[in-house]
Amino acid sequence: MVSAENGSGESAEPRKLQDDEGFDYITGTEVVKLTEAEKVRQRIARSLVHQYGIDPRDMEADFSIPVINEETGRKSRRRASIAIFEHGKPHKLQYVRRIVVTKARPKESRTVSKIRTFAHAKEQVDEVASLMHAAGDECVYGMWTDDKDLYFIRRDTSSPFEEKYLPLLNWPRGDATVFDAQGNASSLAVMRRADESMLRFAFRRCHNYIHGNEGLPKDAAFWQFLYVLFAKLYDERLVREGKRETRFHVDSADLAAAVMGEEGSPAVAARVRELFEEVKEFYAEQELFDEYDRLTLGDGALTFITGELATYSLHDTSLDALGTAYQELVGDNLRGDRGQYFTPLRAVRLAVEILDPKEGETVFDPCCGTGGFLRETLLHVLHKWMPDDEQSLSVQERARLETALRQRLGRYAEERIFGADFDPFLTRAAAFGVMMLTDIAGHTFQMDSLGFPWLGNLPGVRLAEPFRHRIEPGKLDVLLTNPPFGTDIPVTGPVLDLFRKHPSGVEKERSIAYGWSRKPDGTLKRGKPAYSVAPERLFVQKAIEWVRPGGRLCIVLPNGILSNPGPDDEAVRQYVLDECWVMASVELPVEIFVEGAGVNILTTLLFLTKKTDEEKFQERVHGPADYPVFMAVAEKVGVDRRGNPLYVRDARGDLVVDEYEVTDEIVVNNVAIPRTLKRRDLIRDDDLMPLRQRRKRHNRPSVITEYHAFLDRYRDELPWKPGAEA
């Protein structure tokens with residue numbers, strides 16, 4: 001709510017915040033109407049603080065600047081979306097040092113549109129240049145963006161006769177006292193840690209350039225971008241290890257040429273192609289690439305992507321930011337066609353938080369898709385190593401601590417993180433996702449997980465063989481998976497025998513892979529061996545067989561398996577109760593899959609702990625145990641079906657405002673200075689909000705907080721041991 005005063009100077013009743021309003025990030029308190037243009041401005045304002053170290057007190061929105069039309073001589077006043085002033089100086093024209101112009105994002109079109117380069121942005125550059133010129137000689141940096149195109153501009157006053165406005169790869173941080181615009185244009189004095197929104201924006205622009213300007217389909221554009229991205233990561237590694245000077249850069253001469261056209265730099269393109277060939281050789285033993293992996297982009301595309309990424313140090317960027325940017329990219333551009341629904345990030349984080357993998361535990365996803373569960377497990381373990389006061393640290397300090405832990409995280413990934421999928425493209429995307437976070441290519445194998453390790457001839461079976469002591473059935477500590485759903489992709493053939501018999505040929509005591517009916521008394525009756533079985537049913541049995549006694553698992557299931565009255569589904573439920581303790585069941589709303597995966601499906605996260613032989617024996621002697629089970633129905637996931645954000649409201653339906661403090665680093669004279677800033681914001685109405693995103697004062701219950709309260713209350717009554725180390 002917003003305070004107001006009546007005519008007598010007394011405080012009036014606070015005004016209610018409207019649905020289309022929010023708090024300005026620059027002032028922290030002023031209310032703004034969230035038009036499409038304002039949303040872009042707010043995103044940029046946040047990035048100016050987080051990524052560029054600019055004090056929000058040195059910014060002003062809609063700053064009026066007198067502009068003279070050189071042709072007509074007429075004076076007019078135009079507004080800079082954001083004016084940035086010399087640090088600590090009054091907000092007057094003579095102290096303006098940078099100009100930002102933001103526009104509303106263009107409406108999406110069904111046709112593929114090209115990304116405009118600097119050569120085709122005269123109107124946009126001129127708009128910023130006129131404001132920079134009017135602000136005076138000390139205003140040397142400009143920016144124009146509409147959340148699709150983005151241009152950084154530098155004023156060149158080296159000639160006394162002509163002002164030039166030249167392209168810039170990125171802005172320098174802070175007050176830019178050590179920036180040499182004529183040197184290696186990739187350095188900008190200091191390569192910066194990427195802000196999450198700006199990194200996602202850069203990734204999206206690179207992909208869209210390939211898709212729109214090179215004419216490649218979305219999935220092919222994704223792989224081409226990924227090839228360049230890993231050339232960038234490999235180059236950073238060589239530089240970090242002191243083996244070579246950077247080759248992933250764009251020189252000032254190449255930038256100057258960008259004004260003239262889109263041909264790009266043959267030298268830049270040649271360096272990137274050379275780096276990619278070295279990447280393929282470096283990971284040859286893991287067989288991540290084959291002869292079909294070729295970097296086919298032209299010089300213009302390679303130069304554009306290099307320019308977008310060169311100024312960032314991905315190794316020093318927050319791993320949460322990297323993981324989110326990668327997740328968004330693969331989710332938008334890779335879709336399976338065998339019943340795969342990529343698990344939305346909120347559901348993945350909840351599953352990992354409830355199972356709580358430990359550093360010494362082996363984690364496996366037999367239907368890993370693009371690797372969401374694997375990446376989130378790594379981030380979960382990483383955050384357990386971070387200080388307890390992590391939320392009070394600045395974004396920049398958290399990134400530094402994560403960077404220091406990255407090698408340790410890589411060792412954990414090397415020893416304990418595994419995935420498999422039938423689709424070779426998805427397994428490789430999952431491996432690359434792990435590599436983004438750890439510099440270690442993930443152990444993800446192309447194979448038929450239902451047949452492993454006894455059946456199957458796909459390449460992953462051979463590659464997984466050295467790790468059987470970790471991932472064969474009966475060995476796993478933690479399993480998380482979202483199996484393919486659907487009766488239109490049934491499992492048939494010899495693989496079904498593996499579910500009915502042990503490898504020795506002895507019939508299994510319990511199995512799902514039969515026909516099921518009911519006896520006159522209503523109990524289940526096992527029939528003949530089933531000719532075909534839906535994959536999600538088989539994956540329930542296989543997942544349980546995979547974990548060791550006492551091991552934990554989470555499986556995403558269609559609600560029908562847990563609620564349908566038919567004997568086939570009841571047989572699955574009975575198998576689960578016979579073999580496992582039910583830790584928790586969390587029903588997900590349809591919105592999470594509509595918004596996160598583009599499918600309309602009702603699902604449940606089922607959490608289980610596998611019983612030991614002794615526990616099963618005791619149940620046979622004394623009868624089934626009666627014990628508490630955590631059950632929840634998530635109603636809100638922070639967005640509606642169209643992806644529009646949902647915020648917490650009070651009992652009267654008014655939006656609830658959260659007041660809090662954050663620490664950010666402001667760069668002055670090339671020195672990072674921590675500053676505490678007061679903020680007011682709305683609270684996402686999200687039952688799945690992860691613990692690490694909750695502010696300390698946030699007391700609204702969520703699934704994970706209620707689960708922890710459940711453990712505290714019933715810990716002594718649970719037959720499984722919550723929080724036990726492997």
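Q: Among contacts in the protein chain between residues at least 6 apart in sequence, what percentage join residues at least 24 apart?
A: The model is a predicted one. Contacts here are counted for heavy atoms within 4.5 Å. Once pairs at least 6 apart in sequence are selected, the share in the protein chain that joins residues at least 24 apart is 71%.

Q: What radius of gyration does the protein chain have, and why does the value agree with a compact globule?
A: The C-alpha atoms fill a box of roughly 95 × 70 × 45 Å along the principal axes. For 726 residues, a compact globule would have a radius of gyration near 27 Å, so the computed value for the protein chain agrees, being 28 Å.

Q: What percentage of the 726 residues in the protein chain is buried?
A: A residue counts as buried under 20% relative accessible area. By that criterion, the buried part of the 726 residues is 55%.

Q: Which residues touch the most other members of the largest nonpolar core?
A: This core has 169 residues. The residues that touch the most other members are Leu48, Trp171, Val586 and Phe607.

Q: Which helix gives the most to this core, and between which domains does the core lie?
A: Helix α4, residues 218-240, gives the most, with 13 residues. Residues of the core come from both domains, so the core lies between domain 1 (21-178) and domain 2 (198-310).

Notes: Residues numbered from 1 in each chain as written. Predicted model: local features only at pLDDT ≥ 70, side-chain atom pairs only at ≥ 80, totals over all residues. Heavy atoms only, no water. Core = buried A, V, L, I, M, F, W, Y, C linked by side-chain atoms within 4.5 Å. Buried < 20%, exposed > 50% of the residue type's maximum accessible area, 1.4 Å probe, protein only. Helix = DSSP H or I, 4+ residues; strand = E, 2+ residues; numbered from the N terminus. Domains from an automatic or database assignment. Rg over C-alpha atoms; globule rule 2.2 N^0.38 Å.
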